[in-house]
Every structure is written in C-alpha cells, then in structure tokens.
Amino acid sequence: MRVFRKISELRQFISEQRFLNKSIGFVPTMGALHSGHSELLRVARNQSDIVVCSIFVNPTQFNNQEDLINYPRTTDRDIELLKAVECDALFLPEADEIYKEETRLKFNFGWLESTMEGLHRPGHFNGVAVVVSKLFHIVNPDFAYFGQKDLQQLAIIKQLVKDLSFPVSIISVPTVRESSGLAKSSRNERLSIEGKNIAAHINKSLAQLESQLLSGISFDEYKSESINYLKDKGIEVEYLELVDSETMKAVSNKLNDNSVALCIAAVVEGIRLIDNRIF
Ligand code: AMP
C-alpha cells in the first residue's frame, strides 16, 4: 500500500491510475479504524480497481475542542488493517496540508441541517462539506463510500454532490454492529467494558421503538418512554427523532411506503454516540 502525505504526490498517483483507465473508489475516514470502516473498504474493493482511503481528523468539523483532542488516533494499527483489506493507497495529510489558510466558504444545507447533528453541533456539517469537497477534488473518485451510521451526513453529502455536480457516485453502506447491537464507532474505544454494555441499550431501545411504531403507536406517545428507559440505564439522550430517511424531515409515524429512520445521539460515560435504525 502506498502512503501519501502530500496532495501533489497523491494527485500524481491518481492521474497515473486514470491514465491506465482504472476506476477509483474512495473511503474517507478519521482513522481509529474498525470493522465498520473495513466493510466500506471491502465494498470499495469489490467495485473499484483502485481503493483509496484517507485518514484525517478534520479539525473544522469538531464544535468541541475537547472532543477533537481526545479523538482516538491509532495510525500504526490502521495501516495494518488497510493492508489486510488490500487498500491501494492511504492519504494521511497533516492539518496544514489540507488547510493552508482559513477557509472562507460557508455551506448552508437549509432544512437538511436544521435538525439533529446540524442543530446540536453548530458548524459541523460546514466542516464536513468543506473537507469532503477538498478530498473529492484531490482524489477525483468514481465512487465514494459512506456509512449509514452517519445518516444525516450521508444526506448532506448526496446533496453536496448534486449541488456541485461532483462526478462521483455515492455508495451507502449499512451500519456494522457489535454482537450486542452497539454500532461500531471509533469513539467506542473510549468506553469501558461496562460502558459498552450500557451503550448496547441504545440500539435495543431503537429496536423496541421500531416495533411499537410498526404496531401503530405514534412516535410522540412512545418517545419519552424510550428516553426514560435509557436514562434509567445511565444514558443521557441528546436527541431522539423519527425522520424521513432521505429528507431528514421529522415525521410523526410511518404512514406510507417511505422509509423512515429513528435517529439518536446519546452520551455514555461522557462519550457522545450516534445511531439510527432505518425501516
Ligand atoms: P469516521 O471515521 O467515523 O468519520 O467514519 C468514516 C466513514 O465510516 C463514514 O462514512 C462513517 O459513516 C463510516 N462508518 C463509521 N462507523 C460505521 C459503522 N459502524 N458501520 C458502517 N459504516 C461506518
């Protein structure tokens, strides 16, 4: 696997591959790789001639400095995982390679970001959209792979690609979970074993809520019960929403064939986790 720290060197590699008519699949990450990331890379490996992964803990998408400082960084282990999944190239830039100077461009995704992560993490999606745009310009991929675990991010990226006519297909990959149902996340590394057991209740409560909704109970009737159930387990819910899984608009029930998603952000042992169930 080739490792590139400089934009110019990666661009050179990409243009060589393009000259050879190779298709490029791209998996952007913030590192501390786990089997959720491996799944994205596996799908990319099956679909693209050349698989490029980036590891960049993007400072501009953190609205909380402490979260940025404490974000797990496990580069040596990540490189081993990338080799094992036969990734061809890793882009591993320093922050000043990506941000030579402060970015002035501001994105506004309207109602797509007026809820959930957009509401609770001001500036987060602007940081995501800027860095993903930069990475798309650098890597110039045919396919880019994103996890459904970050469902609102996925909707934002699809909008970004449409609005700016990026010549890339966005491929969404279902959430990979621990056997307990806990969604795999780099942030899980910061949980104790007990914390992981507690955090498994997040998905359990979403599964319960899903079956209640499918039996005709309205979301509003059951929402506070779910929040209280999680509170009893030691989990502080930041938000719990039922939304259309494409538009992210709040809905009160699953009334038609449109797929909906239960989305949650919750804090366990001081660690903020997000998850969702699409049905
Ligand atoms: P991150 O490194 O957390 O920024 O995530 C990089 C990519 O991996 C994003 O597209 C995430 O949605 C995706 N991802 C993270 N966790 C999972 C998971 N458990 N299952 C599937 N995809 C995931």
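**View 1. Aromatic pairs in the predicted model.** Seven aromatic pairs turn up here, counting rings of Phe, Tyr and Trp (its six-membered ring) whose centres lie within 6.5 Å, with planes under 30 degrees apart called stacked, over 60 edge-to-face and the rest tilted. One of them is Phe56 with Tyr99, a tilted pair at 6.2 Å centre to centre and 40° between the planes. This pair joins distant parts of the chain, 43 residues apart: Phe56 is in the loop between strand S3 (50–55) and helix H3 (65–70), and Tyr99 is in the loop between helix H5 (95–98) and helix H6 (116–120). Helices (H or I, at least four residues) and strands (E, at least two) are DSSP runs, numbered from the N terminus.

As a predicted model, it needs pLDDT of at least 70 for local features and 80 or more for side-chain atom pairs, while totals for chains, interfaces and linings use all residues. Residues are numbered from 1 along each chain as its sequence is written, and side-chain values use heavy atoms, leaving out hydrogens and water.

View 2. A polar side-chain atom of Asp150 sits 2.6 Å from a ligand oxygen atom, and a backbone N or O atom of Met30 lies 2.9 Å from an oxygen atom of the ligand. On the nitrogen side, a polar backbone atom of Lys184 is 2.9 Å from a nitrogen atom of the ligand.

**View 3. Secondary structure around the ligand.** Strand S2 (24–29), helix H2 (35–47) and strand S5 (143–147) each give at least two residues to the shell. H2 has the largest share, with three residues.

Definitions and conventions: A polar contact is a pair of N or O atoms within 3.5 Å; within protein, one must be able to donate a hydrogen and the other to accept it, and residues adjacent in sequence count only if both atoms are side-chain atoms.
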